[in-house]
Amino acid sequence: MNIVWTWDVIRRIIEVIWAINIAFAIWTVFRTRRDIASTWAWLLVLSLFPIVGFIAYLFVGRKLSNDDIFNIRAEQRAIAKKLVGKQEAVINSRQPGAPQGQFARARQLIRLSLGLDNALVTFNNHVDVFADGHKLFDKMIEDIDDATDHVYIEFYTFYSDELGTRILKALERAAARHVTVKVLYDLSGSRGTTFRFFAHLEELGGEAQPFNSRSDKRISTPRLNYHLHRKIVVIDGKLGYIGGFNIGDQYLGVDPKFGYWRDTHLRVIGQAAMLLTARFAMDWNTTCRKTNKTRIDISKTFTSFKVKKPTGDEDEVAMQIVSSGPDNENFAIRRGYESIISSARKYVYIQTPYLIPGEPILESLIIAARSGIDVRIMIPAMPDYPFVYRATEYYAKYLVNNGVKVYKYNNGFIHAKTMVSGNNLSSVGSANQDYRSYRLNFEANAFAYNAKLTAQLKKIFEDDIKDSTLLTPEYFASQSRWRKFKQYFSRLLSPIL
């Protein structure tokens, strides 16, 4: 049978293929429960890009397996059961570093995080703020060299470059002193770093593994959409680091593409470091189910754990370590952000490299701004991911047109994830103001309640304004039609970026 390839025949074949593709796209997306925004975004991608879209879905669209979610939840329940105890009584009886008039907001946020994430509040913490990578990593290496019992490191990015090698050498020195050393990193975020990079560390008795995966199964572990995005260091259970910096030369500002790297990290001495130990142990032990590495037994550490009473010292920082991730739908960090914004009375200052807020945060920002609250957001002046940056521009324009002050940071690249408000509320951690951090990534933030720390973070923001440009409606109106189209199109894909 000879087929006459007329345009009508070709058109009908294309229509059949397109119909099959649409049916398969609908089946692929709807067979897994997800929110309506990401459902429509994936339908758009799979429909417009039949082959490329399905390849992308294979690697970044599939959700975590039920087994993975069960294992992560089981690990968290086992540890949380040991820790929660009498927190309600503590909250009712202690004022977390706040003047009497401001305590209501702090207590509300503390209760919210406790209810959503079993996040204990501790009071006897002393905090140093680092806004420069050189100072941060010099101090971190110094602390690792002083470790006597254990060093736990958990980063989204651990590159095998000059900085990564400096950190690794410090860990090797610690392991040679018979200090317990464990390294957890994200397989996708640490591209180019393989298990061979940590071979000598393991020869010395240390251990390293990629989160919830096996380092030799990179190709067969294609769920690239769910990243371990936390940036945590714990030393001897007494000292910890948490914030936005990763381990890599670009975070020292040596990459000519980005220039100076502006980020924020906290160094914490006190009981909050023990809670960072618990966070690390959950992530490490979950991964050990796949790798058979040595698990962490923290039961002895927390058997007699009691929250120390605050002394009234203004330098003491009350703090909660709050986590979120795709293993649960409590969205503890996002809802913590929303609580700070919605309860603001005078101002809210936010720094984030990606501004793709979901509807609850978006509406909270607009309501606050329209109510006379001084709402300021700082974003980078350059993209590191083009689609993400165009979506960021779209939402920046929308917020500017609704009374929010949005600044573009010009002195390099701003990667800090901070929020400050009122006299004593602040948050520093790994979670950006975007869908990915709200729902897809495993994140960790320190929510702190202290007037001096809040004032320090507020001043850092105000100093950064000096190197920033206030965006205006006229600025966005003057952009080209092509750029506006890219912003609108990227906004359609924002739930899956």
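1. Lys169 has 43% relative accessibility and counts as partly exposed. The cut-offs: buried is under 20% relative accessible area, exposed is over 50%, and partly exposed lies in between (1.4 Å probe, protein chains only). Glu172 is buried, with a relative accessible area of 8%. The two side chains meet in a salt bridge, 3.7 Å from N to O. A salt bridge here is a side-chain nitrogen of Lys or Arg within 4 Å of a carboxyl oxygen of Asp or Glu. Glu172 and Lys169 both lie in helix H8, 3 residues apart, about one turn of the helix. An α-helix has 3.6 residues a turn, so residues three or four places apart point the same way.

2. Some ground rules. This is a predicted model, where local features need pLDDT of at least 70, side-chain atom pairs count only at pLDDT 80 or more, and totals for chains, interfaces and linings use all residues. Residues are numbered from 1 along each chain as its sequence is written, and side-chain values use heavy atoms, with hydrogens and water left out.

3. Now the whole chain. The protein chain has 18 helices and 19 strands. Helices (H or I, at least four residues) and strands (E, at least two) are DSSP runs, numbered from the N terminus. Of the 497 residues, 58% are buried. Take the contacts between residues at least 6 apart in sequence: 82% of them join residues at least 24 apart. Contact means heavy atoms within 4.5 Å.

4. How many salt bridges does the structure hold? The count is 20. One of them pairs the side chains of Arg267 and Asp128, at 3.4 Å from N to O. This pair links distant parts of the chain: Arg267 is in strand E8 (residues 265-269), Asp128 is in strand E1 (residues 121-130), and they are 139 residues apart. Arg267 counts as buried, at 9% relative accessibility. Asp128 counts as partly exposed, at 38%.

5. Another salt bridge joins Asp145 and Arg173, with the closest N and O atoms 3.1 Å apart. Asp145 lies in helix H7 (residues 133-145) and Arg173 in H8 (residues 162-176), so the pair ties together parts that are 28 residues apart in sequence. Asp145 is partly exposed at 30% relative accessibility. Arg173 is also partly exposed, at 39%.

6. H8 passes a length check. Its 15 residues should span 21 Å at 1.5 Å a residue, and its end C-alpha atoms are 21 Å apart, which agrees. The expected span is 1.5 Å times one less than the number of residues. Buried residues of H8 include Leu163, Ile167, Leu168 and Leu171. What covers the buried residues of H8 includes H7, E2, strand E3 (180-185) and helix H9 (199-203).

7. Look at Asp161, in the loop between strand E2 (150-155) and H8. Asp161 caps the N-terminal end of H8: a side-chain oxygen lies 3.4 Å from the backbone nitrogen of Leu163. The backbone nitrogen of Gly164 is 3.0 Å from a polar atom of the Asp161 side chain. Leaving out residues up to four places away in sequence, Asp161 touches Gly248 and Asp249.

8. Two loop residues deserve a check of phi. Most residues other than glycine have a negative phi. His178, in the loop between H8 and E3, has a positive phi near 70°. His178 counts as exposed, at 72% relative accessibility. Asp236 has a positive phi near 60°. Asp236 sits in the loop between strand E5 (232-235) and strand E6 (239-243). Asp236 is buried, with a relative accessible area of 19%.

9. Last, helix H16 (residues 451-465). Its 15 residues should span 21 Å at 1.5 Å a residue, and its end C-alpha atoms are 21 Å apart, which agrees. Its buried residues are Leu453, Thr454, Leu457, Ile460, Phe461, Asp464 and Ile465. Seen down the axis of H16, they fall within an arc of 150°, so they line one face of the helix. The arc is that of the directions from the helix axis to the C-beta atoms.

Notes
A polar contact is a pair of N or O atoms within 3.5 Å; within protein, one must be able to donate a hydrogen and the other to accept it, and residues adjacent in sequence count only if both atoms are side-chain atoms.
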